[in-house]
Each structure stands twice: as C-alpha cells, then as structure tokens.
Amino acid sequence: MPNKKSAERRVRISERNRLYNKYWTSRCKTAVKRVLEAVEAGSKDEAVKNFDAAQSVIDKAVVKGVMHKNTAARRKELMSRRMKAMNA
C-alpha cells in the first residue's frame, strides 16, 4: 500500500490506464482474429469488410498511444499478405 497521497493517486491512474490499454489491445486482437478467420473460411466479402474495420481499430489504438506505429504496420501487413494469398 502506498504511504503518500501522490503514490495513491499514481496507483489509481495506473489502474485506469491498465484497463484502458487492455480494452484497446483486446479490441485490436479480436479485429485481427476476425480477418484471419474469414480468410481461412475463404469468404472474400467478409474478409474485406473485417479488414477495413480492423485497420480502423488498429489506427485508433496508435493514435491513443496504446500500440506503437510499427507494431500496427506489422499487423496490417500480416492481414494484407493473408488476403493476397487468399485471392491468388
């Protein structure tokens, strides 16, 4: 337990930030998973729709500081490679 008032404040803030980061991280992972599942199923329309949604969610996570921009680029590239492989 923190002994100082500022330390108590930091505990509250870090818990709030942890939950916020967890929410966005989970949302990104779910979006990517939906794209990859649609690609595995072979449904092109569903994959394209989910791909657009996933890119949007990932970009928002970068803006909010939850995800690094290079990590986001890597995830988007992974999805686009799988989509191209499905089309070929």
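A residue counts as buried under 20% relative accessible area, as exposed over 50%, and as partly exposed in between, with a 1.4 Å probe and protein chains only. By this definition M86 is partly exposed, because its relative accessibility is 22%. The model is predicted, so local features need pLDDT of at least 70 and side-chain atom pairs count only at pLDDT 80 or more, whereas totals for chains, interfaces and linings use all residues. Residues are numbered from 1 along each chain as its sequence is written, and side-chain values use heavy atoms, with hydrogens and water left out.

**Fold and dimensions**

- The protein contains three helices and zero strands, where helices (H or I, at least four residues) and strands (E, at least two) are DSSP runs numbered from the N terminus.
- Read from the N terminus, the order of elements is α-α-α.
- The radius of gyration is 17 Å, while a compact globule of 88 residues would have a value near 12 Å; the radius is taken over C-alpha atoms, and the globule rule is 2.2 Å times the number of residues to the power 0.38.
- The C-alpha trace spans about 60 × 20 × 15 Å along its principal axes.

**Burial, contacts and surface**

- Buried residues make up 24% of the 88 residues of the protein.
- Of the contacts (heavy atoms within 4.5 Å) between residues at least 6 apart in sequence, 58% join residues at least 24 apart.

**Charges and salt bridges**

- The protein has 23 positive and 9 negative charges, and their mean positions are 10 Å apart. Lys and Arg count as positive and Asp and Glu as negative, with His and the chain ends not counted; each charge is placed at NZ of Lys, CZ of Arg, CG of Asp or CD of Glu.
- Side chains of opposite charge can pair when their charged atoms come close.
- The whole structure holds three salt bridges, each defined as a side-chain nitrogen of Lys or Arg within 4 Å of a carboxyl oxygen of Asp or Glu.
- R18 and E15 form a salt bridge at 2.9 Å, N to O. Both residues lie in helix α1 (residues 5-41), three residues apart, about one turn of the helix. R18 is partly exposed at 43% relative accessible area, and E15 is partly exposed at 36%.
- K49 and E46 form a salt bridge at 3.8 Å, N to O. E46 is partly exposed, with 36% relative accessibility. K49 and E46 both belong to helix α2 (residues 44-63), three residues apart, about one turn of the helix.
- D59 and K76 form a salt bridge whose closest N and O atoms are 2.7 Å apart. Because D59 lies in helix α2 and K76 in helix α3, this pair ties together parts that are 17 residues apart in sequence. D59 is partly exposed at 35% relative accessibility.

**Selected residues**

- M86 is located in helix α3 (residues 69-87). Neighbours within four places in sequence aside, M86 is in contact with V39, G42, K44 and A47.
- M86 and S43 are separated by 43 residues in sequence and by 9.3 Å in space, C-alpha to C-alpha.
- N50 lies in helix α2 and counts as buried at 13% relative accessibility. Neighbours within four places in sequence aside, N50 is in contact with R34, V35 and A38.
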